[in-house]
Amino acid sequence: MRILQLFLNFIIIYHLINTQMILKNWIFYIINLTLLLSGCAYLSYSTYPEPPTYHHSKDLKTVTFNLPYNNQLSGERIDSILTTLPGRLFYTNYFEEISDDSLRAELSRIMKQELTGQQINIYTLAKVSSTKTSTILTFSEDSLTLKKIADELMFLYGDPARESLTSLSPNGANITIEELKNLNLLLPCAGVTLPKRANLLPNAPRPYRSGIHRGIDFPASYGSEVRSVLDGIVIQATHGYREISPELRESFLIKARKIGRTPHDVYNHITLGRSITIDHGMYLIPGKRIISVYSHLSQIDDHIQAGTAVVQGEIIGLSGNSGTRDGSIGSLNNAHLHFELIIQDKRGESYLGQGLEYEELYNLLTGIFHN
Ligand SMILES: [Zn+2]
């Protein structure tokens, strides 16, 4: 139906132009009204045969529309012009560092959804100017707000292989939720509570990379003290970790994406960054071995070496963003503590919360972590 209307509009405008009657608005309005009454709301927009062209400034601060005709502009008309912005393409500017086109488009879509859902106004009309043939509208764009939202999305989804893609073993450990409930873990950062968002917890789906998150991302700001959640013995502490260039890092991630999962070497030596692994023995859950992993650290305490005995609550290092893209470019953004608890037995190994539904998982975690 809309195509038919557009076609009719086109015929009318073509006719008007050809007969030099464009200024005789009464004909136009009669036809317009007739078509409007017949349900053709689109015609009110058809004063412009084509959507206005727009230009997005490189610094992402303004958008300029060039309308084909000099015209009186109502507030409604200005709003409708803004709706012509193709958000999916538009917001991708904020995800340029993502090499996967489909992921970029998906994040842009989520971003537009968030803006609409929260009714955030991003554009303000900053300037109207006109020439004989065109009207130019300049909107300033709230790039700070957009960047903030984009950064949050990048943090959650942006780096396809930042976290593990792999289940640790096909079978997993033979462990019940009842056994896990007996664990008594200290929160790994003082004053940082367990995150609620499913995306920061184990099992968070990462559909674009066919993967799952096997740890908990505690929102610890850069340099927060990190402490051992249990007594244990240090297995490894990568004091000597050095960031690789973002390009080399990305090249490893591309390979990971190509094979459909993050290989252990890339996971352990690139994406975890500076990390500590601690063995907590086999007495907490009889017959099962438990280890904990603390990653993306900015610093590891000097005394933390393989073989060091640590007690629950002992400070082992400082949080950071090593191993992340931000870490590799020397930025302090997106620091957090990625923490894992791994349970091993004869059958295999599982991460804490593996396979649990969100409600059950969150209840389990709130039950076993304490301050
Ligand atoms: Zn994580």
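**View 1. The β3–β4 hairpin in the predicted model.** In this predicted model, β3 and β4 form a hairpin. β3 covers residues 123–130, and β4 covers residues 135–141. The two strands run antiparallel and are joined by 7 bridges. Y123 stands opposite E141 in β4. V128 faces L137 of β4 in the pairing.

**View 2. β4 and its partner β2.** β2 spans residues 62–67. It pairs with β4 in the antiparallel sense, over 6 bridges. Here F65 stands opposite L137 in β4. L137 also stands opposite V128.

View 3. Which order do the strands take in the open sheet? The order is β1-β2-β4-β3. The sheet has 4 strands, and their pairing is antiparallel. β1 (53–56) and β3 (123–130) stand at the edges. Each has a single partner strand, so one side of each is left without a neighbour in the sheet. From one strand to the next, the twist averages 20°. Strands of a sheet pair through backbone hydrogen bonds.

**View 4. Helix α9 and its buried side.** α9 runs over residues 264–271. Its buried residues are V266, Y267, I270 and T271. Why do they lie on the same side of α9? They cover an arc of only 110° around the axis, which puts them on the same side. The buried residues of α9 pack against α8, residues 246–259.

**View 5. The other face of α9, and what follows the helix.** Turned away from the buried side is a face that carries H264 and D265. Both of these residues are exposed. After α9 comes G273. The phi of G273 is positive, near 70°.

**View 6. Confidence, and two stretches to read with it in mind.** The mean pLDDT of the protein is 79. Of its residues, 74% reach 70 or more. Over residues 19–23, pLDDT stays under 50. For that stretch the model has 4 contacts beyond four places in sequence.

Conventions: Residues numbered from 1 in each chain as written. Predicted model: local features only at pLDDT ≥ 70, side-chain atom pairs only at ≥ 80, totals over all residues. Buried ≥ 20, exposed ≤ 12 C-beta atoms within 10 Å, placed from the backbone. Arc of directions from axis to C-beta. Contact = placed C-beta atoms within 7 Å. Pairing = 2+ DSSP bridges. Axes fitted to C-alpha atoms, helices over the stretch in contact; angles between N-to-C directions. pLDDT = per-residue confidence, 0-100.
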